[in-house]
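Trainee: I'm new to this structure and would like a close look at just one part of it. Could you pick a spot, walk me through its surroundings, and then show me how the rest is laid out?

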Amino acid sequence: MDIYSKSNTNIGKNRRYQVPDSSTDKSPQEHAPDATDGAVTTSTQTELELDDCVKLCEEGGLTPSPIDDYDDKKDDDSSNNKRHELQSLRRRSSISDYTKRCLPEDTFSFLIYASVRSRSFFLAAFVFLLQIAILVILALDIFDLSNAKNPMSFPPNVEFPVRISEVLAIVIAIITQEDIRKAVNMLRDGFDQNLPKKFKGAAFAKWALSIALRASEGLLGLFVTFLLIMRSSSVLDLLLNFLAVEFVTMLDDVVFALISEGFLGRLLKKEAAKLSNTFYHVSHRSVDSRAALIVTVAYFVVLFAAFFAGWGIIFRKQERGEYLCDQIFAQFGDEVVPMLGTFTGLFRRQTHNFDDRLVGRRSVYKSVYNNTIDVQDGGALLAYCHAEMRWTLSLTEDNVTKPCTWLAASSESVDFDVLTTANSQWVVNTAQKRTVPLAQHFLACHDCTGKNMCKPYGNCTKQGTCECNSGYYGLRCEYPEPCERLEIDPRDEGFVKTGGSLFATKYYRLGGAETYHHPVYTSLGGNETLDDKTDILLFTGVRWILSSKYLFPGMKDVNDASELARNLSQFHGHFTDYSASYVSEPVHIDSPVDATASPLRKRWRYSTSDSEDLRLQPDLNKDFIEASLFCAECNNTTNPCSYEAVCLPDGTCSDCPNNSSGTMCQIPPTSNGQCNKYFNNIHFDFDGGDCCDNTCRSTRENICGKADGGYIDKGYPWCKGAANQWQLSGDPVYGVSSASRSGRAVALSGKGTILAVADPGVSIFRLFDKDGSEWIQRGQSIQGPLESDFGLAISLSDESLDITRSPLSSPTVTLVVGAPSLKDQGRGLVRVFKCSTFGCMQRGYDIEGDGSFGTSVSITKDGNNIAIGGAGSTDGKEVKVFTWSNNDWQQKGIVEIDRRVHSDPLHRYMQQGYYVSLSGDYLAVGELKSRKTVASGAVSMRLITHVYKWDEDKWVELDSIRKNFYFDESFRDQWPLKSVVIKGNTLAIGSKSSVDVYSWSEILSKWITREIELVPSDVNGLVGWSVDLSEDASVLAVGTSVENAQPTDESIHMYQWNGTHYRALFNGVPAGPAASVSLSSDGKAVAVGLPFDTWKGGSTRVYSFHPSSPCDDPSEIPLRISFITDASPEETSWELRVDSQIKWSNGPLSVYTTYVEEMCISATSCAKFIVDDSKGDGVSLWTNTGNSSTHIFRFAQEFRL
């Protein structure tokens, strides 16, 4: 008889189970299993929890008898059937032949018996697919197929605590992996024929499917767990990775628990109860057989063997450094230690001798020259100094490695890869034994494997080097083919030798010679012979030098060019005996100065000394010399002839047009006393002043500002010459209160007639119109959210109506305003306003974002596209672009920015903000990162500028530019105000210590620098605090930050592009602490915001460009009249009337001539010029034949001026 103890408790809670009493002597028949429900009779009952029952049931040691309503009803309805089956079973076998089993309590068990269309089957399949999808995503994220050497990104090596943790984690992962263990147990037990009787719908195919899916999910989870364990570089990372995957593999158990508790519905809860409370029988022949034992043992043996074999392989590779780069390119700045740059080049990882290749379990890199290890005594190496816990650059002494006797060293680091220090600070020791930061260093992997570093202009060879396509050159094929001929610009004074003679003015590439992977140039032309006076141009790692053969003692006996090439190919900037006469400015790799492999357009200084340690030290007490080299070989892509000259097939330029001269027709005919119409524009200072009133004197042959013959005005009768200046335009605009910080952000409209001023201290902005000499506020002040820094960033579109402003109509503009600090919300917002005649109305809804959203904003000229930058966004999208569509702002694409921050326990890294600038299809994003040294608290900043171009439906990144700069944390309002601005394909970057301008070359696919001749007062100041460009990038405004500024200081300057470089556009304007600038589209007006002006909480001033006037009275304007007679001058006379008074008269005349008269008249006067022809045939121009004429005018003619 089946005996059940009744209970009304919930399923899965206090269920009671019957446990056989080992002391009770019963016959085997009394213990025979019932094939229907699994209940048996015992003499002693013990209550156990269900979880314990299931566990013991799976192990075959318990005869469970769950008592609940579900099974009681079933027992009452089928007692006769159970007795019949029990008797049948007793006849077939004894109890010793069977062990009872429960199906595992997870969603995979539903797959064994549930209908394919049932909820439980669908849920089980969904959970499996979800687990697999998560694990596959994790696996795909781990694999990096572009890295052939280390596709799973294992760390180069780990410390011993991490290594021990790896072993423990692998053991725990295998032991605790339940899904594989359950699959093995079910496979060991086999498919029992009674299972379909217990679970309607159970079938062998479903049973096999359940095992296969359970095992595959478990194996994939274990594999991903192993990968994440081995990818971890710290114990904490390892633990987090392990727990994350463990949770994923337990989803099937978690979902089943939720089903059992009724969270997913009553029907599923009933299914879970049925699965938990039903058991079946398994023959001991399956459970206790030798095959079952082998399966169980093999399970653990195979897994442990496989995973520890993988661990051993990875361990061996890490200890041997096989996950590191085999070659590293390194360059160190020489500003502090002059010879440090000579160790620029490739460093190769040592693999032959264990003692040589490892220091502190970290690989050693030795310098490479001519594709072999540098075997010279004192060769350079990159190694780890364990005593100081830092990577170092040092020299070997007598083939002994001494990394702690270093030339340069990284910040303290425990990393096994020297490349991790590429973004951290390095230091050097000065001659005074002081340790100071290294201003510049560069470290990068140079393995030519996987992702081809030579592309798009070359391919990797089997030797791991780049084979460049035709027309390209360099270690990475990064340069165009070097120029074959160089010349010194004849306008420069040239290089002077000791004794007063000059270096050569022409240089030719020396075939077969390279130094530091750059070409060598000499003064040897086609017919010249090698002698001691032969001049040599070569690269020394960071700087180019100009020297002569006699300054290389080791080449005294070299007599021909081929031998010279062989000797120079062995040149080393530190070990070779030589002296330099001139050294160039530093050429830092991948900087704009590094645009070509030749020394083009570099600036040069005298060398300080001939001593070994100082021979590359420039003489900073002297200015750069007036000499620069240009490529004297033309082509139609990278080096065309100047001023519309034609490049001929032999690389020379045709006859120079427009009176230009020089090898490349690069010399304009400026400042020669003749006004040349081709150069009569602002870029050439109006033909060097030849076409300007204050510098040009009109003659009969050449009339200032007029075309040949004097009749046609060339557009610049009043040229803006060198005596012109920037003057204050209107009264200053002050803050509304002492807390305003007015001028923190300013914006000027395209025509310079509308001014937007923000007062973020009180969260308002105001709009002003220019009315004569005054700025008149338009409408009311616009109030933003209080204490939100509303107005910290603003941007203004161009005027939408090209009309003259009157009291009744004003041009419409669109203004975008950022409020990055909403009080107590950790969020920011941006509002856009459309401002017409009487004020501003919000356009669209608020645009909100996490963190400091709205720190920087930018709007296009038409006002229909805006860009917004901030920091601290939870979705990782700190920069967003919106376009006006369907009466609201819609996001325009996604701007992807690499937000990875280097992990370094000695420093704290943080994204501080994003500066944005939007111009047409171009978007510039300045990413500002800070790094704080934990020990000293010193802070350094890096500005990384990303540039994107809109390509149909997405933003495509063109390139990025990195700049470092440092500051004192005590300075007010630390962050620069407007550090990045782009206008078309021209980009300006200010970094609080310098300003740089670049133009994007579509041909070279890289940024080309635009040189700037900074005003001396800007060279050492905090320039670049705020920058702006005119719409065509011809005018650059450079804002500075000056403490204790004086009213007479000219600390903000405008620079004008003249075709080759930016130079100061006349006088500067006053500034102060944290000055912001905004240029009009034409560059003729600039707004300067001074938020820390001590009076009235900040101020804003507008300056406009005013040509100088020859008139002493400021109320007068200059007037010039020029007139040419015809062939009958005796017939012609004229007079000038000003306010009806005759100011000038002349004629009739006796000779054909040109007459010019200049005078000053009141700006409000009415001037009339009257020409009279006494004969009545008018002033005529005769043709060459002399038979006909064209009349300019007949009889008397009046001209109102």
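Mentor: Let's start at V997, which touches T986, L987, A988, I1008, T1009, R1010, I1012, L1036 and Y1062, leaving aside residues up to four places away in sequence. Keep in mind as we go that this is a predicted model. V997 sits in strand β49, which covers residues 995-1001. Is V997 buried or exposed? Its relative accessibility is 0%, so V997 counts as buried, the cut-off being under 20%.

Now zoom out to the whole chain. Of its 1201 residues, 52% are buried. You'll find 18 helices and 65 strands in it. If you take contacts between residues at least 6 apart in sequence, 58% of them join residues at least 24 apart.

Next, the nonpolar cores. The largest one has 41 residues, and F495, Y507, L568 and W604 have the most contacts inside it. Several elements supply at least two residues each to this core: the strands β19 (485-488), β20 (506-515), β21 (518-522), β22 (535-539), β23 (544-548), β24 (582-584) and β26 (629-631), along with helix α16 (561-569). The largest share, 4 residues, comes from β22.

Last, have a look at a pair of helices. Helix α5 (residues 119-142) packs against helix α9 (residues 204-231) at an angle of about 30°, and their axes are 10 Å apart. That angle makes α5 roughly parallel to α9, because angles under 35 degrees count that way. The crossing of α5 and α9 is left-handed. Which residues meet there? On the α5 side they are F128, Q131, I132, L135, V136, L138, A139 and I142, and on the α9 side L213, S216, E217, L220, G221, V224, L227, L228 and R231. Sorted by type, the residues of this contact between α5 and α9 come to 12 nonpolar, 3 polar and 2 charged.

How values were computed:
Residues numbered from 1 in each chain as written. Predicted model: local features only at pLDDT ≥ 70, side-chain atom pairs only at ≥ 80, totals over all residues. Heavy atoms only, no water. Core = buried A, V, L, I, M, F, W, Y, C linked by side-chain atoms within 4.5 Å. Buried < 20%, exposed > 50% of the residue type's maximum accessible area, 1.4 Å probe, protein only. Axes fitted to C-alpha atoms, helices over the stretch in contact; angles between N-to-C directions. Parallel < 35°, antiparallel > 145°, perpendicular 65-115°, else oblique. Left-handed = near helix turned anticlockwise from the far one by under 90°. Contact = heavy atoms within 4.5 Å. Nonpolar A, V, L, I, M, F, W, Y, C, P; charged D, E, K, R; others polar.
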